[in-house]
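Here is a friendly briefing to read alongside the sequence and the model. Please keep both open as you go through the topics.

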Amino acid sequence: QVQLIESGGGAAQVGGSLRLSCAASGGTFSSYAMGWFRQAPGKEREFVATIILNSGTTFYANPVKGRFTISRDNAVNTVLLQMDSLQVDDTAIYYCAATRPRSLSQYDYWGQGTQVTVSS
């Protein structure tokens, strides 16, 4: 069974940076893509960014375009989310997710989440 372990959350000031990491382990890892989602208090979980593992093609939600960068290291089944120019609205629990094979949208595996808090 694939497990996703997130790390790197924490607190930052407005305009600051944080980097999240997600490592996949266990089972046979054959996901097509890995991504990040977030859930702010009182809101639904929303898509942040995703990366196709073979090609490195990336997709971003509009609110984070130009500020966040998703990347991957296939050798160690790890995906990173570099978050720059952080805003208070970026405060949320961030979840790593991985898709099933040959799917860009069906996320079968989820991490437990890591808290990101941005203050002014």
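β5 (residues 46-52) and β6 (residues 58-60) pair in the antiparallel sense over three bridges; strands count as paired if DSSP finds at least two bridges between them. Strands here are DSSP runs of E with at least two residues, numbered from the N terminus. This is a predicted model: local features need pLDDT of at least 70, side-chain atom pairs count only at pLDDT 80 or more, and totals for chains, interfaces and linings use all residues. Residues are numbered from 1 along each chain as its sequence is written, and side-chain values use heavy atoms, with hydrogens and water left out.

**Strand β5 and its two hairpins**

- β5 and β6 form a hairpin with five residues between them, and G56 in that turn has a positive phi of about 80 degrees.
- On the β4 side, β4 (residues 33-39) and β5 run antiparallel and are joined by six bridges.
- One of the residues in that pairing is A33, whose bridge partner in β5 is I52.
- The hairpin of β4 and β5 has six residues between the strands, and G42 takes a positive phi near 80 degrees there.
- β5 is mostly covered, with five of its seven residues buried; buried means under 20% relative accessible area, exposed means over 50%, and partly exposed lies in between (1.4 Å probe, protein chains only).

**The loop between β4 and β5**

- A40 sits in the loop between β4 and β5.
- Leaving aside neighbours within four places in sequence, A40 is in contact with T91 and A92, where contact means heavy atoms within 4.5 Å.
- A40 and Q3 are 37 residues apart along the chain, and their C-alpha atoms are separated by 23 Å.

**The four-stranded sheet**

- Four strands form an open sheet with antiparallel pairing, in the order β1-β3-β8-β7.
- Its edge strands are β1 (3-7) and β7 (68-73), each of which pairs on one side only.
- Neighbouring strands of this sheet are turned by 15 degrees against each other on average, direction ignored; the axes are lines fitted to C-alpha atoms (for helices over the stretch in contact), and angles run from 0 to 180 degrees between N-to-C directions.
- Within the sheet, β3 and β8 pair in the antiparallel sense over six bridges.
- L18 stands opposite M83 in β8.

**The disulfide**

- The structure holds one disulfide, a pair of cysteine sulfur atoms within 2.5 Å.
- C22 and C96 are the two partners, with an S to S distance of 2.0 Å.
- This pair links distant parts of the chain, 74 residues apart: C22 lies in strand β3 (residues 18-25) and C96 in strand β9 (residues 92-99).
- The torsion about the S-S bond of C22 and C96 is about -80 degrees, so the disulfide is left-handed.
- C22 counts as buried because its relative accessibility is 0%, and C96 counts as buried because its relative accessibility is 0%.

**The nonpolar core**

- How many residues does the largest nonpolar core have? It has 29 residues, where a nonpolar core is a set of buried Ala, Val, Leu, Ile, Met, Phe, Trp, Tyr and Cys residues joined through side-chain atoms within 4.5 Å.
- Those with the most contacts inside this core are M34, W36, L81, M83 and Y94.
- The elements giving two or more residues to the core are β3, β4, β5, β7, β8, β9 and β11 (114-119).
- With neighbours within four places in sequence left aside, M34 is in contact with residues including L4, C22, F29, I51, I70, V79 and C96.

- T78 belongs to strand β8 (residues 78-83), and it is buried because its relative accessible area is 13%.
- The side chain of T78 reaches the backbone oxygen of V76 at 3.0 Å.
- Not counting residues up to four places away in sequence, T78 touches S21, C22, A23, S71, R72 and D73.
- S31 is placed in the loop between β3 and β4, and S31 counts as buried because its relative accessibility is 11%.
- The side chain of S31 reaches the backbone oxygen of T99 at 2.5 Å.
- Leaving aside neighbours within four places in sequence, S31 is in contact with L53, A98, T99, R100 and Y109.

Definitions and conventions. Polar contact = N/O pair within 3.5 Å; in protein donor to acceptor, adjacent residues only side chain to side chain.
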